[in-house]
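Morning, everyone. Please look at the model on the screen while I talk.

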Amino acid sequence: MSLHQPLLDGSQKAFLSCYLDNLALVERLHRLLLDVIKDEFERLQILEINSVQALLLFNIGENEVTAGELKTRGYYQGSNVSYNLKKLVDLGYMHHQRSEVDRRSVRVRLTEKGRRVRAQLSDLFARHAEGIEKRGFVDINGIDEINTALKRMERFWTEQIRYIY
């Protein structure tokens, strides 16, 4: 037993075990989502961008944003987002423009090419939602409960970052 591990009673151990299962599942689901997107894009012969970049296009949508705004929203981490935005601009999926107010800041938005990729990803997600519902994996109430629980986890983790450190 670790020096820093508190003594837990039976229900605390059970909760910890379930929490650790949740953490592992969230990680696996994210990696699996990236693999699903990769497979779809290979099928569509979209080979010059990766799954993370495709999700970036999807999340930006019709907005015009900075890398900082994407980080603030919690979508992406530091240098990763800057690298991926630059790559997407270089490949013609995004326009970029320096801010008139802060010359260090660059605003980006999707090009027509970027909007087409976003639409393909949107179609993929719509097919997934339809398949999940049709096959009875999760109904609207179940998906809503999952979202509520995940938002609570997100709020808890956000509080840990903001208030503990």
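This is a predicted model: local features need pLDDT of at least 70, side-chain atom pairs count only at pLDDT 80 or more; totals for chains, interfaces and linings use all residues.

Core first. The largest nonpolar core has 24 residues. Phe41, Ile49, Leu57, Ile60, Leu85, Tyr93 and Met94 have the most contacts inside it. Helices H1, H2, H3, H4 and H5 and strand S2 each supply at least two residues of this core. H2 gives the largest share, five residues. Now look at Tyr93. Leaving out residues up to four places away in sequence, Tyr93 touches, among others, Ile49, Leu57, Leu88, Leu110 and Val117.

Next, the second largest pocket. About 200 Å³ of space lies there. Thirteen residues line this pocket, and Ala67, Ser82, Leu85, Val106 and Val108 are the closest to its centre. Which element gives the most to the lining? H4, with five residues. By type, the lining divides into five nonpolar, five polar and three charged residues.

Now the salt bridges. The structure holds eleven. Take Glu64 and Arg107, which meet at 3.3 Å, N to O. Glu64 lies in the loop between H2 and H3 and Arg107 in S2, so this pair ties together parts 43 residues apart in sequence. Arg107 also bridges to Glu69, with the closest N and O atoms 3.5 Å apart. Glu69 is in H3, so here the parts tied together are 38 residues apart in sequence. Glu64, Glu69, Arg107 and Arg109 are linked in a network of salt bridges.

Terms used:
Residues are numbered from 1 along each chain as its sequence is written. Side-chain values use heavy atoms; hydrogens and water are left out. On a 1 Å grid over the protein atoms alone, a cavity is a set of points where a 1.4 Å probe fits but cannot get out, and a pocket is an open set with protein on both sides within 12 Å along at least five of seven lines; lining residues have an atom within 4 Å of a point. Grid points are joined across faces, edges and corners, and a volume is the space filled by probe spheres set on the points. Helices (H or I, at least four residues) and strands (E, at least two) are DSSP runs, numbered from the N terminus. Ala, Val, Leu, Ile, Met, Phe, Trp, Tyr, Cys and Pro count as nonpolar, Asp, Glu, Lys and Arg as charged, and the others, Gly among them, as polar. A nonpolar core is a set of buried Ala, Val, Leu, Ile, Met, Phe, Trp, Tyr and Cys residues joined through side-chain atoms within 4.5 Å. Buried means under 20% relative accessible area, exposed over 50%, partly exposed in between (1.4 Å probe, protein chains only). Contact means heavy atoms within 4.5 Å. A salt bridge is a side-chain nitrogen of Lys or Arg within 4 Å of a carboxyl oxygen of Asp or Glu.
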